[in-house]
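The sequence and the structure are shown first, and the description follows.

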Amino acid sequence: MSATHEEVLLEVLRQNLHVLGELAVRYEVETLPERDPDAPALCSPQAVQRLLGPEMGVLAQEQVRVLLLDRKNRLVGQRVVYQGNAYSSVVRPAEVLRPAVLVAAPNIIVAHNHPSQDPSPSPQDIKVTKDIAEAAKLLGVTLLDHVVIGGPDGAVSLKDRGLF
């Protein structure tokens, strides 16, 4: 059975997204949201969902981002630290914390998506979050939350669930 033109195009777009994500990680390309100078602090999983959900909730592959925050928890930047596949993303705490150390961001929020649209944290999500929080503490960086985005409108906070 031959793939339709639309299916082939969609697959090419997915491959390009993966390559662009890898390039962003390799060359430390910053992805900045549109900023409002009077924007409130990112202090809730709902705020993270509003910021990232529309974009990350529709990705075909897992992507891990770190939101870099100032002392008042205002966004100063965000980095894609890993672009995975449709089922997983394996990331080391050092890769997540590196951007915060480079720009001296005192606070971070980690976010990643589940292409399945189910935002339930996996055992691996919980383990890596604990590892990141422990490493961050040693570096003087505060991990405020890890938000799993399950779709354009769904997210789960590991902090709110008491998982780290």
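## Burial and exposed surface

Of the 164 residues in the chain, 42% count as buried, where buried means under 20% relative accessible area, exposed over 50%, and partly exposed in between (1.4 Å probe, protein chains only). The chain exposes about 9400 Å², and carbon and sulfur atoms supply 56% of this area. Accessible areas come from the Shrake-Rupley method with a 1.4 Å probe, and for residues only the protein chains shown count as cover.

The model is predicted: local features need pLDDT of at least 70, side-chain atom pairs count only at pLDDT 80 or more, and totals for chains, interfaces and linings use all residues. Residues are numbered from 1 along each chain as its sequence is written, and side-chain values use heavy atoms, with hydrogens and water left out.

## Secondary structure and chain order

The chain has four helices and five strands; these are DSSP runs numbered from the N terminus, with helices being H or I of at least four residues and strands E of at least two. From the N terminus on, the order of the elements is α-α-β-β-α-β-α-β-β.

With contact taken as heavy atoms within 4.5 Å, 68% of the contacts between residues at least 6 apart in sequence join residues at least 24 apart. A separate C-alpha distance concerns Glu11, which lies in helix α1 (residues 5-26) and is partly exposed, with a relative accessible area of 36%. The C-alpha atoms of Glu11 and Ala60 are separated by 9.8 Å, while the two residues are 49 residues apart along the chain.

## Nonpolar cores

A nonpolar core is a set of buried Ala, Val, Leu, Ile, Met, Phe, Trp, Tyr and Cys residues joined through side-chain atoms within 4.5 Å. The largest such core has 16 residues, and those with the most contacts inside it are Val96, Ile108, Val110 and Ile132. Two or more residues of this core come from each of β1, α3 (93-103), β3 (107-113) and α4.

Leaving aside residues up to four places away in sequence, Ile132 touches Pro93, Val96, Leu97, Val110 and Leu143. A second, separate core of 14 residues includes Leu67, Ile109, Leu144 and Val147.

## Salt bridges

A salt bridge is defined here as a side-chain nitrogen of Lys or Arg within 4 Å of a carboxyl oxygen of Asp or Glu. By this rule the model contains four salt bridges. One of them joins the side chains of Glu55 and Arg65, at 2.7 Å from N to O. This pair links distant parts of the chain: Glu55 belongs to helix α2 (residues 45-56) and Arg65 to strand β1 (residues 63-69), 10 residues apart. Glu55 is partly exposed, at 45% relative accessible area, whereas Arg65 counts as buried, at 3% relative accessibility.

Asp131 forms a salt bridge with Lys127, and the closest N and O atoms are 2.8 Å apart. Both residues lie in helix α4 (residues 123-139), four residues apart, about one turn of the helix. Asp131 is partly exposed at 30% relative accessibility, and Lys127 is partly exposed with a relative accessible area of 47%. Glu95 and Arg92 also meet through their side chains in a salt bridge, at 3.9 Å from N to O. Glu95 is partly exposed, with a relative accessible area of 31%, whereas Arg92 counts as exposed at 51%.
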